Amino acid sequence: MGLRANWQQFTLLVIINAFVGSLVGIERTILPLLAAHDFGLASKTAILSFLVSFGLVKALANLLAGRLGDRYGRKRILVAGWLVGLLVSPLIIVAPNWGWVVFANVLLGINQGLCWSTTVIMKIDLVGPRRRGLAMGLNEAAGYLAVSGAALAAGYLAAAYALRPQPFLLGTLLALCGLLLSLFGARESQGHARQEARELQQRVAEEAEPGQAQAQPAPRFWQIVARVSWRDRTLLAVSQAGLVNNLNDGLSWGLFPLYFAAAGLDAAHIGWLVAAYPAVWGAGQLLTGAFSDHLGRKGMISVGMWVQAIALALMLLTRGFWLWLLGAVLLGSGTALVYPTLLAAVSDVTPPDWRASAVGVYRLWRDSGYAVGGILAGLLADLLSIPWAIGLVALLTFLSGLLVALLMRETLPRPQSSQAAPASPLSSRNAVSSRP
């Protein structure tokens, strides 16, 4: 285990995750505009139906990816996700009505849930316990820098040609590249997780007093769901922060292009604003993931949620391309503080033999935020206005950071001495925090 020992396979997985993110990036610029221009949809709730279907399916696919990854191995799940992803762009190109686009986003949710979750789990397997924050930072940076680049490219293709098919021809090519790399380059990593589990069990056995119980058997799947969702206060705080983070990301995905278009911006300028947010988000994670390995998880998560709330308020209270660009930069900065740190926190407190399942449950809640955000933002925009939707989501994001500050304990493993290894997540102190 270790980043240096596995750098070639780790780098390949980073590249694969960039292709995963690029499929979403194309849609972030194009789909809201496509709904209004090609299909004549006026209802914001109807327009955001693609986001609701994407979020619900991706959340469930995350859960499935973690469980199946523990049971059958990681690579099979990764390849299966890409086979589904190949269908997304062609369906949107030929779609005669909006229902086809919604179904294409069901398939995109499966692709993103299986592929992104699996690349996360495989990187955690490879790096071991010491560099999880850095690993998650590199993984998420690659994914969201690709989201940004694809969003910008899609905006320029739409401005130069049309909303379809040109941006989605690019999507088909990117999905094919991701499939080929996964099929012929990626190697199974589950053996690394099993090795880490054996080493941790041996360490616990050596440190245990005579007659003391050495290790707990792996819990059943629904026990893992309960622990991550509500029984463990730290994991509860992490899960709700992930949900609210993606709730405001869903708002920015579904409503910001319409908000900017209503102010008179063209597709190219909208593409820049839509791309700036994930660009800062992605690049920032190159630093924030590694920082969390030294500074700790809790403070970075709370501050990151509050920075996001300030950014949304700036989007609401100002007008004009340059002020909105500043808001997008702030929103990306706050998300960069939060995103890899949440994944690292889950990894800190879950043992390797059921960590993939725990990551899947966390990602279930996190990506449910897309569905919740799509429904909430759409209804508020239809009943009141888009600014009302932005304001309420800003408030929810601030309150989420407050919950993290109140409920979460610090999860970063601290060695007992300069010679000691990081605390084992198999111990009851680390695996289960105080319960409400």
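Arg 297 is buried, with a relative accessible area of 1%; buried here means under 20% relative accessible area, with over 50% counted as exposed and anything in between as partly exposed (1.4 Å probe, protein chains only). The side chains of Arg 297 and Asp 348 meet in a salt bridge, 2.8 Å from N to O. A salt bridge is counted when a side-chain nitrogen of Lys or Arg lies within 4 Å of a carboxyl oxygen of Asp or Glu. This pair links distant parts of the chain, 51 residues apart: Arg 297 sits in the loop between helix 13 (267-295) and helix 14 (298-317), and Asp 348 in helix 15 (residues 321-348). Helices are DSSP runs (H or I, at least four residues), numbered from the N terminus.

A word on the source: this is a predicted model, in which local features need pLDDT of at least 70 and side-chain atom pairs count only at pLDDT 80 or more, while totals for chains, interfaces and linings use all residues. Residues are numbered from 1 along each chain as its sequence is written, and side-chain values use heavy atoms, leaving out hydrogens and water.

The whole structure has 6 salt bridges, and these are three of them:

| Pair | N to O distance |
|---|---|
| Arg 297 and Asp 348 | 2.8 Å |
| Lys 58 and Asp 367 | 3.3 Å |
| Arg 366 and Asp 367 | 3.4 Å |

Lys 58 and Asp 367 are both buried, and so is Arg 366. Through shared partners, Lys 58, Arg 366 and Asp 367 join into one network.

The structure holds 5 cavities of 30 Å³ or more. A cavity is a set of points, on a 1 Å grid over the protein atoms alone, where a 1.4 Å probe fits but cannot get out; lining residues have an atom within 4 Å of a point. The largest cavity has a volume of about 70 Å³, and helix 13 gives the most to its lining, with 3 residues. That lining divides into 9 nonpolar, 1 polar and 1 charged residues.

The second largest cavity holds about 50 Å³ of space. Lys 58 is one of its lining residues, which also include Arg 28, Asp 249 and Trp 253. Arg 28 and Trp 253 are likewise among the residues that line the largest cavity. By class, the lining of the second largest cavity has 7 nonpolar, 1 polar and 3 charged residues.

Conventions: Helix = DSSP H or I, 4+ residues; strand = E, 2+ residues; numbered from the N terminus. 1 Å grid on protein atoms, 1.4 Å probe; cavity = no way out; pocket = protein on both sides within 12 Å on 5 of 7 lines; lining within 4 Å. Points joined across faces, edges and corners; volume = space filled by probe spheres on them. Nonpolar A, V, L, I, M, F, W, Y, C, P; charged D, E, K, R; others polar.
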